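Biologist: Before we look at any particular place, could you take me through how to read the local features of a model like this one?

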Amino acid sequence: MKRNSEAFDANPWQGRTRKYDIVKEGVIALVVVSLVTLSLSAFFGSPDEKPLTFKNWATTNADNFYATAVQELAGSSGTATYGAPYNENGDGLNVGPLWLQKWAGVTHMIDAANDFVIAPLSTQVLSTEIASALATWNAASDSVKESWAASYDDAINKVEGDIGAVPAGPYGPVPALAAGLTSMAKSGGLDAALLSQGGFFQTDNTKQILFFGDGAYLDDAGTAANLQGGTWGMMNETGRYPGQAWLWLYSFWYQIPPFNNEESKPIGANADAYILFIMGGMSLGLILIPLIPGVRSLPMLIPIHRRIWRRYYEEEGL
Amino acid sequence: MMSEMWTSKLRKSWQKNLPIDKLLPDDQPAYVASWIYVFGVLTLAALGVIIATGIVLSFEGPAWYHTSSAGHFMNSLHFWSVQLFFVFMVVHLWGKYWMAAWRGRRLMTWMTGAVAFVASIATAFTGYLVQTNFDSQWITFEAKDGFNSVGVGAWFTVTNLGQMLLLHVAFLPLILGVITVMHVLLVRKKGVVPPIDAAISGVKL
């Protein structure tokens with residue numbers, strides 16, 4: 001019976017037909033959608049919050065910018081400890097024995113101390129003090145640099161980021177370098193310097209984005225705009241506009257345990273990787289629904305089709 | 001000799017599988033009488049508006065709409081047509097699920113539609129990345145961790161505006177366009193799926 005039904009459904013329809021002008025339907029649909037789009041655009045417009053800049057960050061929260069610069073020098077920032085694809089300073093995430101992040105390797109090498117602090121400062125005409133600090137830093141061994149920057153980073157953490165309260169210590173040129181970068185950022189010079197590293201034409205914003213993410217400025221702005229992942233931020237948009245609502249299922253996983261708890265191992269700590277695997281599997285499942293027992297039978301069991309084809313069933317007495 | 005030519009083989013195959021009266025029919029089975037059928041064509045119409053407004057935006061570049069009221073309005077048209085596109089497509093998808101529209105050897109029709117849905121999400125996502133505003137800064141920073149975590153980020157670099165812009169305006173629309181054309185041609189070739197249990201009364205037709 002099932003095979004007969006399948007053959008019947010596959011064969012050209014031999015029953016009654018009705019006139020149906022698909023070209024007219026398409027033109028009407030295009031006109032209607034165009035008019036609705038025009039109306040929505042005219043009434044509501046579209047979101048366009050200005051991008052954040054290093055200038056604004058250093059101006060509005062100088063201590064946080066300064067402390068982030070120190071973290072970059074100390075190698076303790078998110079970028080400096082990230083791992084692939086930016087460096088080899090972390091193992092990245094894994095799903096069981098699959099260390100795909102690590103295996104993919106370093107394809108966009110970022111040396112946080114050099115790329116975010118030293119190289120941008122080196123492009124500037126510097127005061128004697130900062131030029132001297134830069135020369136001292138460049139001449140020092142890696143172990144000495146690490147000792148200076150780590151000591152200062154620890155000291156800043158102990159006073160909870162209140163730069164003015166940091167006691168004197170063996171910090172070498174690190175305070176002068178951080179002050180120099182803060183000053184450069186306040187002038188707007190860092191925004192341009194980070195983008196232009198490597199040439200005249202640039203379309204790659206990786207360094208700016210990563211540096212931004214290392215501090216509190218971007219994170220605070222995301223929280224204020226209700227865009228954090230833990231609050232369905234993935235499907236939100238700035239202002240009162242709809243965002244990528246179609247990502248609701250992707251976003252859903254970040255709302256529930258163990259995915260929403262970074263301390264929970266192994267899944268919570270590797271939530272990004274696990275959720276991508278889940279969504280990849282679900283996407284494949286969507287594509288293969290006709291082959292999945294149970295899921296493919298639900299439409300026959302739950303009679304929503306009786307409403308869709310109500311007239312047909314009535315006329316046929318089915 | 002003529003019958004061996006690839007060109008003539010392709011023409012004959014096309015004529016056999018998708019003759020013009022199947023491609024552009026002026027009648028449909030009587031059961032094609034529900035509002036649910038409208039959502040497929042509405043999805044295509046919204047895609048048309050997206051492509052048209054996207055082409056206009058591409059002529060002026062991604063920063064145009066920040067400084068021009070005409071550009072901002074064009075961006076709004078692009079934004080809202082994407083929102084409508086997804087609403088229509090999701091209703092279309094659910095409708096086809098409850099109709100079990102893969103019946104009657106229509107597996108590929110379902111699969112191309114589902115792939116088009118996934119490809120649409122990828123295309124829209126890259127669009128959000130290239131807005132060159134705060135939202136795109138935020139999405140870029142957040143999204144990179146997901147792609148990096150499974151190794152994809154080594155090559156699909158969401159922080160690279162140039163790469164994302166080119167994928168958004170060239171590669172992904174091309175993929176989506178090809179899949180959509182395949183989907184529509186399959187719908188025309190196979191015809192609209194009959195109602196569930198139509199075979200029961202079909203014997204007397």
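Modeller: Helices here are DSSP runs of at least four residues, numbered from the N terminus, and with that convention B:Asn75 is found in helix 5 of chain B, which covers residues 69–98. Please keep in mind throughout that this is a predicted model.

Biologist: Is B:Asn75 buried or exposed, and which residues does B:Asn75 touch?

Modeller: Buried means under 20% relative accessible area, and B:Asn75 is therefore counted as buried, with a value of 13%. Leaving aside residues up to four places away in sequence, B:Asn75 touches B:Leu57 and B:Tyr65 in chain B, together with A:Ser46 and A:Pro47 in chain A.

Biologist: What does the predictor's confidence look like in chain A?

Modeller: pLDDT is the predictor's confidence in each residue, from 0 to 100. Chain A averages a pLDDT of 94, and 99% of the residues score at least 70. Among the elements of that chain, helix 4 (residues 62–74) has the highest mean pLDDT, 98, whereas helix 1 (residues 2–10) has the lowest, 81.

Biologist: Where is A:Asn226 placed, and what is the phi of A:Asn226?

Modeller: A:Asn226 sits in the loop between helix 12 (217–224) and helix 13 of chain A, and although A:Asn226 is not a glycine, the phi is positive, at about 60°. A:Asn226 is partly exposed, with a relative accessible area of 43%.

Biologist: And what about B:Thr132, where is that residue placed?

Modeller: B:Thr132 is in the loop between helix 6 (107–129) and helix 7 (134–149) of chain B; B:Thr132, again not a glycine, has a positive phi of about 50°. With a relative accessible area of 24%, B:Thr132 is partly exposed.

Biologist: Which residues of chain B does UniProt list for a domain?

Modeller: An unreviewed UniProt entry lists residues 10–196 of chain B as "domain: Cytochrome b/b6 N-terminal region profile". In the model, that span is 74% helix and 2% strand, and its end C-alpha atoms lie 34 Å apart.

Key:
Residues numbered from 1 in each chain as written. Chains lettered and ligands numbered in written order. Predicted model: local features only at pLDDT ≥ 70, side-chain atom pairs only at ≥ 80, totals over all residues. Heavy atoms only, no water. Buried < 20%, exposed > 50% of the residue type's maximum accessible area, 1.4 Å probe, protein only. Contact = heavy atoms within 4.5 Å. UniProt positions renumbered as here; feature names shortened; annotations may be inferred.
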